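Please go through the side-chain and helix contacts of the model shown below.

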Amino acid sequence: TLKEGHPRIVTFALGTKPEEDAIAVDSRCGGRVKIFMDVVKPDPRLIVIGSGHIAKPLAEFAYRTGFEVVVVDDAETATRERFPTAKEIHAGPFEEELTRVDVKPSDFVAVVHGETGYELCALRVMLQRRPAYIGLLGSRNKAAWHKKQLIDEGFSREEVKVIHAPIGLD
């Protein structure tokens with residue numbers, strides 16, 4: 001089925017008696033229509049926000065496991081030499097570069113910057129862009145503080161609930 005990620009041919013009976021696996025449609029058209037449906041999955045993409053000690057191995061691991069990698073940071077470490085496998089590196093003014101990244105609903109975001117102001121800026125922008133996943137590096141206390149700050153700024157509890165922190169595997 002499509003939910004399982006497999007293509008499928010679907011037959012519709014347009015106002016006629018459905019035969020075999022046809023789906024009846026209340027229509028005056030008459031006849032049958034066969035439609036081929038294929039699943040198009042975007043390549044997985046990880047947006048790494050930060051370019052420090054954690055960002056480098058994270059970007060390398062993500063690339064090796066099939067992710068397209070985008071790096072965003074205004075630090076001197078956001079270079080092609082440091083991130084040779086990154087598809088994109090956004091190394092200009094931080095907030096400007098965050099808004100230049102084309103964030104898709106299927107994207108994963110890892111905020112691994114480490115500085116509070118940068119993290120909050122990244123979370124504000126990414127919450128508005130609604131990627132599939134937003135992870136924040138740091139303790140539960142840090143995450144709770146950031147979430148409270150974002151709620152105080154006008155984000156709803158539901159909106160900030162999507163921030164996964166601490167990021168990583170149990």
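Q: Which residues do ring pairs link into a cluster?
A: This is a predicted model in which local features need pLDDT of at least 70 and side-chain atom pairs count only at pLDDT 80 or more, while totals for chains, interfaces and linings use all residues. Residues are numbered from 1 along each chain as its sequence is written, and side-chain values use heavy atoms, with hydrogens and water left out. Rings of Phe, Tyr and Trp (its six-membered ring) pair if their centres lie within 6.5 Å; planes under 30 degrees apart count as stacked, over 60 as edge-to-face and the rest as tilted. The cluster that ring pairs make consists of Phe67, Phe108 and Tyr133.

Q: How many aromatic pairs are there by this rule?
A: One of the pairs is formed by phenylalanine 94 and tyrosine 118, with 4.6 Å centre to centre and 75° between the planes, which is edge-to-face. This pair links distant parts of the chain, 24 residues apart: phenylalanine 94 is in helix α2 (residues 94-100) and tyrosine 118 in helix α3 (residues 116-129). Helices (H or I, at least four residues) and strands (E, at least two) are DSSP runs, numbered from the N terminus. The count by this rule is 3 aromatic pairs.

Q: Is phenylalanine 94 buried or exposed?
A: Buried means under 20% relative accessible area, exposed over 50%, and partly exposed in between (1.4 Å probe, protein chains only). Tyrosine 118, at 23% relative accessibility, is partly exposed. Phenylalanine 94 has 6% relative accessibility, so phenylalanine 94 counts as buried.

Q: Why is the pair of phenylalanine 108 and tyrosine 133 classed as it is, and what is the class?
A: The pair links distant parts of the chain, with phenylalanine 108 in strand β7 (residues 108-111) and tyrosine 133 in strand β8 (residues 133-136), 25 residues apart. Phenylalanine 108 is partly exposed at 31% relative accessible area, and tyrosine 133 is partly exposed at 23%. The ring centres of phenylalanine 108 and tyrosine 133 are 6.1 Å apart and the planes stand at 45°, so the pair is tilted.

Q: Where is phenylalanine 67 found?
A: Phenylalanine 67 has a relative accessible area of 24% and is therefore partly exposed. Contact means heavy atoms within 4.5 Å; leaving aside neighbours within four places in sequence, phenylalanine 67 is in contact with Pro44, Arg45, Leu46, Ala62 and Phe108. Phenylalanine 67 is found in the loop between α1 (55-64) and β5 (68-72).

Q: At what angle do α3 and helix α4 (residues 140-152) pack?
A: Two packed helices are described by the angle between their axes and the distance between the axes. Axes are lines fitted to C-alpha atoms, for helices over the stretch in contact, and angles run from 0 to 180 degrees between N-to-C directions. The axes of α3 and α4 are 11 Å apart, and the angle is about 60°.

Q: What is the relative accessible area of glutamate 119?
A: Glutamate 119 lies in helix α3. Glutamate 119 is buried, and its relative accessible area is 1%.

Q: Which residues does arginine 124 touch, not counting residues up to four places away in sequence?
A: Arginine 124 is in helix α3 and is partly exposed, at 28% relative accessible area. Arginine 124 touches Leu150, Glu153 and Phe155.

Q: What is the phi of arginine 130?
A: Most residues other than glycine have a negative phi, and most peptide bonds are trans. Arginine 130 is in the loop between α3 and β8 and counts as exposed at 57% relative accessibility. Arginine 130 is not a glycine, yet its phi is positive, about 55°.
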